[in-house]
Amino acid sequence: MNAPDLSLSRLMGTPQSLEKLVIACVLAESQRVGAQPLIRGLGAISFNLLCTTCLPDMALDNGVAERPLFDEFEELFELLIEHAEPMDQMSIWLAAAIATAAQRDNHLWQDMGLPSRRELSAILNLRFPRLAAANNADMKWKKFFYRQLCQRAGVPICKSPQCGDCSDQSLCFGPET
Ligand code: SF4
């Protein structure tokens, strides 16, 4: 059976909410890079409901991980969920999708298969507004999330107490292109 067409051009041609577009983009990118599962942290019932809600005309299998993954998925998922407003099923799906994509190596908007950083900032402000507002210096999103996690864990990762004095500024700030 051929894989469902989750190309961005097809998805962008269908009017849908920003939330659904983001979910669809993450599914498409996960499929493109061969990730299993496509979105982590969701049971079969929740994933099927996600598909029915966001991509009703496509049959998708989330897949299963071949081996245990030891990374920061759970911590980032929890951070997002704690800041979800409203805290509903869509926010759970988005938190899982963002935390899944964040384990990859590129800018977060790229790992999510989004057209640009703009859509990422928009969904974070829409669904996780307090967390988005805390990024008041416009740090790169993935750097910002991991700095939050390290601060919560009491693990210092920064080379300097002040960003202004830090030699890693270019890694944490600046355009994500
Ligand atoms: S610029 Fe330096 S101090 Fe600021 S968040 Fe990045 S690593 Fe930490």
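**Notebook: ligand pocket, a helix pair and the loops**

I began with the ligand, and I noted that the space it takes is the largest pocket. I keep in mind throughout that this is a predicted model.

Next I looked up which residues surround the ligand, and I listed Met139, Arg147, Cys158, Ser160, Cys163, Cys166, Asp168, Gln169, Cys172 and Phe173. Sorting this shell by class, I wrote down six nonpolar, two polar and two charged residues.

I then turned to two helices, H3 (residues 44-54) and H5 (residues 89-101), which pack at an angle of about 105° with their axes 11 Å apart. Angles from 65 to 115 degrees count as roughly perpendicular, and H3 and H5 are therefore roughly perpendicular to each other. For the contact itself I recorded Ser46, Leu49, Leu50, Thr53 and Cys54 on the H3 side, and Gln89, Met90 and Trp93 on the H5 side. By class, the residues of this contact comprise five nonpolar and three polar ones, with no charged residue.

The bond from glutamine 36 to proline 37 is cis, with omega near -5°, and I placed proline 37 in the loop between helix H2 (18-33) and H3. The bond from glutamate 85 to proline 86 is also cis, with omega near 0°, and proline 86 belongs to the loop between helix H4 (73-82) and H5.

Last, I looked up aspartate 138, which is not a glycine and yet has a positive phi, near 60°. I found aspartate 138 in the loop between helix H8 (129-134) and helix H9 (141-153).

Definitions and conventions. Residues are numbered from 1 along each chain as its sequence is written. This is a predicted model: local features need pLDDT of at least 70, side-chain atom pairs count only at pLDDT 80 or more; totals for chains, interfaces and linings use all residues. Side-chain values use heavy atoms; hydrogens and water are left out. A residue is near a molecule or strand if one of its heavy atoms lies within 4 Å of it. On a 1 Å grid over the protein atoms alone, a cavity is a set of points where a 1.4 Å probe fits but cannot get out, and a pocket is an open set with protein on both sides within 12 Å along at least five of seven lines; lining residues have an atom within 4 Å of a point. A molecule sits in a cavity or pocket if more than half of its atoms lie within 2 Å of its grid points. Ala, Val, Leu, Ile, Met, Phe, Trp, Tyr, Cys and Pro count as nonpolar, Asp, Glu, Lys and Arg as charged, and the others, Gly among them, as polar. Axes are lines fitted to C-alpha atoms, for helices over the stretch in contact, and angles run from 0 to 180 degrees between N-to-C directions. Helices (H or I, at least four residues) and strands (E, at least two) are DSSP runs, numbered from the N terminus. Angles under 35 degrees count as roughly parallel, over 145 as roughly antiparallel, 65 to 115 as roughly perpendicular and the rest as oblique. Contact means heavy atoms within 4.5 Å.
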